[in-house]
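Thanks for coming, everyone. Let me put the model up, and then I'll walk you through a few spots in it.

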Amino acid sequence: MSNHYKTCFLIDDNYIDNFVTRRILESSNFAETVVVSQSATEAIESLRSGKVVPDVIFLDIRMPMMGGFEFLQEYDKIDIENKKEIRIFMLSSSLDPTDLKKSVNNKYITNFIHKPLTQKALDEIAT
C-alpha cells in the first residue's frame, strides 16, 4: 500500500498501544506522517493552532483528563480548514455497547475499530 493519507493523528494515552499502532501504520505506509499525542487536551490544542493538520485521526475513548467523547465535544467547537474531510476512527479496547452506540451516532466518527489495530482493519479503511 502506498501512502493513502498525508497526516495521521493518533490520540491515545497508552504508550504501548501507541507504539504498536504507530508501527502498523508506518509499516503499511498508511500515511506520510504519523503524529502521536498522549493527551486529548494537547491534541485539541494542536488542531486549534494548526500545528497538526490531519487527514485521519485514531482516537481512544478512555483517557485521563479528557476522554474520546469529550475530545469530540471540543473538536465540534473548533474551526479548522479541512474538518469535513477528516476521517475519525474510534480505536478502543472498550467492549461497552454504549461506547459503540455513541460512536456510531456521532457525526464525526467514521467507524469504531477494536484494539489492537490490524493490517486487515487498515486495508478496510483504505478502500
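So, where do R22 and E26 both lie, and how many residues apart are they? Both sit in helix α1, four residues apart, about one turn of the helix. Helices here are DSSP runs of H or I with at least four residues, strands are runs of E with at least two, and both are numbered from the N terminus.

Quick housekeeping. This is a predicted model, so local features need pLDDT of at least 70 and side-chain atom pairs count only at pLDDT 80 or more, while totals for chains, interfaces and linings use all residues. Residues are numbered from 1 along each chain as its sequence is written, and side-chain values use heavy atoms, with hydrogens and water left out.

Back to our pair. The R22 and E26 side chains meet in a salt bridge, 2.9 Å from N to O; that term means a side-chain nitrogen of Lys or Arg within 4 Å of a carboxyl oxygen of Asp or Glu. R22 is partly exposed because its relative accessible area is 31%, and E26 is too, at 40%. For cover, buried is under 20% relative accessible area, exposed is over 50%, and partly exposed is in between, using a 1.4 Å probe and protein chains only.

By that rule we get 10 salt bridges. Take R62, in the loop between β3 and α3: it pairs with D96, in the loop between β4 and α4, so parts 34 residues apart in sequence are tied together. The closest N and O atoms there are 3.8 Å apart. R62 also meets D99, at 2.9 Å, and D99 is in helix α4, 37 residues away. D99 is buried, with a relative accessible area of 6%. There's also one network, joined by shared partners: D12, D17, D60 and K115.

D60 is worth a look. This residue is in the loop between β3 and α3, and it's buried, at 5%. Among its contacts beyond four places in sequence are I11, D13, M90 and K115, where contact means heavy atoms within 4.5 Å.

Now the greasy part. The largest nonpolar core has 24 residues, and I11, I57, L59, F71, L72, Y75 and I88 touch the most other members. A core is a set of buried Ala, Val, Leu, Ile, Met, Phe, Trp, Tyr and Cys residues joined through side-chain atoms within 4.5 Å. Among the elements giving it two or more residues are β1, α2 and β4. In β4, five of six residues are buried.
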